[in-house]
Amino acid sequence: MDKNIFRILSLDGGGAKGIYSLGVLAEIEKKLGTPIVEHFDGFYGCSTGSIIAAGMAAGRTVDHAVRMYLECIPRIMSCYRAASRTRLLREALEKEFGNMPLDQLKKDTAIVTTSVEKDLPLIFKSHNYEKYKERLVVEPGTGHTVVEAVMASCSAPPFFTRAHIRRYGQDKETFVVDGTYAFDNPILIAMVDAQREYNKKKEEIAAVSVGTGDFPLGVNPQLFFSIVFKMDKIMMANRLMDLNVNTMELIRRAIFGDYRILRINDTYAERSLRTSLLENNIKKLKMLYEKGRESFRRIEKDFDRLFLK
């Protein structure tokens with residue numbers, strides 16, 4: 001592979017459906033032969049994508065991440081209350097990352113969340129954050145842990161409780177919510193980063209943008225319980241997340257349509273694949289994982305042509 005190419009891995013949000021993304025990455029890692037971190041220069045993640053991005057940037061294998069997801073997701077997503085899901089998610093992340101500082105990740109990583117105070121995206125940046133100050137609302141990796149950043153990115157009301165952080169260099173705390181409400185698909189942030197902060201030209205950028213699959217909506221017991229009491233918020237949240245992903249992809253095609261960007265995010269209509277971001281059925285999760293693997297195999301030749309040369 002050309003060492004002058006800045007290679008990007010961008011991962012969407014989508015709750016439990018992140019297992020689909022891991023199916024895609026399992027095939028990529030298998031093809032490359034060594035951990036993902038050795039083949040990408042920049043990792044960009046939102047919500048469940050931030051968990052995976054941080055894990056990959058820390059040097060974890062995809063197999064390790066899959067085991068963690070299959071162990072933790074059923075326990076977390078089977079809870080009926082947002083506070084319980086939030087507590088169990090934090091415990092799982094603390095077990096995975098401990099107190100690792102964000103700026104100790106092996107590769108540059110951007111984790112997207114949303115500032116409630118400013119109604120703007122708030123990006124936790126592990127490295128190279130000084131240049132961002134004039135363009136984006138950014139939190140430097142210095143002073144924040146991986147767990148703190150990822151929890152902020154995953155705090156999607158009404159599914160999880162919102163988070164509060166102490167901004168770097170400030171005394172007061174600010175509330176943040178899930179990055180899916182700002183940039184569920186962080187590929188635009190990644191492309192701007194590559195061009196303006198790393199000074200890469202069009203021909204020096206190659207990106208893989210992985211979604212969480214477009215599956216028919218299913219209503220599991222936890223989602224039904226939430227709908228009974230918060231139907232308007234639940235349905236609006238789902239609609240906004242879907243709208244965000246689709247809008248970001250349309251803008252990406254309009255602006256960066258001729259760049260070396262491979263989008264992997266298939267759409268399914270089978271009733272057997274109905275699911276939600278609170279999916280907790282282990283059999284269904286394994287099905288979504290296999291669909292991710294199939295999605296990569298379908299476009300494997302495109303990956304070889306666009307990414308490996």
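**Strand β3 and its partners.** I began with a bridge: C46 has V112 in β3 as its bridge partner. This is a predicted model, where local features need pLDDT of at least 70, side-chain atom pairs count only at pLDDT 80 or more, and totals for chains, interfaces and linings use all residues. Residues are numbered from 1 along each chain as its sequence is written, and side-chain values use heavy atoms, with hydrogens and water left out.

I took helices (H or I, at least four residues) and strands (E, at least two) as DSSP runs, numbered from the N terminus. Two strands pair if DSSP finds at least two bridges between them. Strand β2 (residues 42–46) runs parallel to β3, with five bridges. On the antiparallel side of my list, β3 pairs with β4 (residues 120–125) over six bridges, and I found I111 opposite F124 there. Three bridges join β3 to β7 (residues 173–178), also antiparallel, and T114 stands opposite V177. The β3–β4 hairpin has four residues between its strands, and D119 in it takes a positive phi near 55°.

Is β3 buried or exposed? I used under 20% relative accessible area for buried, over 50% for exposed and partly exposed in between (1.4 Å probe, protein chains only). Eight of the eight residues of β3 (residues 108–115) are buried, so the strand is largely enclosed by the rest of the structure. D108, A110, V112 and T114 point one way, and T109, I111, T113 and S115 point the other.

**Helix α7.** I looked here next. Eight of the eleven residues in α7 (residues 187–197) are buried, so this helix is largely enclosed by the rest of the structure. Among them are D193 and E197. Just after α7, N199 has a positive phi of about 55°.

**Cavities.** On a 1 Å grid over the protein atoms alone, a cavity is a set of points where a 1.4 Å probe fits but cannot get out, and lining residues have an atom within 4 Å of a point. Points are joined across faces, edges and corners, and a volume is the space filled by probe spheres set on them. I got three cavities of 30 Å³ or more. Of its 23 lining residues, G15, T48, I51, M77 and L89 are the closest to the centre. Which helix gives the largest share of that lining? I found α3, with six residues.

The second largest cavity holds about 60 Å³, and I51 and M68 are among the residues lining it. Helices α2, α3 and α4 each supply at least two residues of that lining.

**Aromatic rings.** I paired rings of Phe, Tyr and Trp (its six-membered ring) with centres within 6.5 Å, calling planes under 30 degrees apart stacked, over 60 edge-to-face and the rest tilted. That came to eight aromatic pairs. The ring centres of Y20 and F215 are 5.8 Å apart with planes at 80°, so I logged this pair as edge-to-face. Y20 is in α1 (residues 18–32) and F215 in the loop between β8 (205–210) and α8 (221–256), so the pair ties together parts 195 residues apart in sequence. Both are buried.

I also noted one aromatic cluster formed by F40, F43, F296, F303 and F307.

Note on methods. On a 1 Å grid over the protein atoms alone, a cavity is a set of points where a 1.4 Å probe fits but cannot get out, and a pocket is an open set with protein on both sides within 12 Å along at least five of seven lines; lining residues have an atom within 4 Å of a point.
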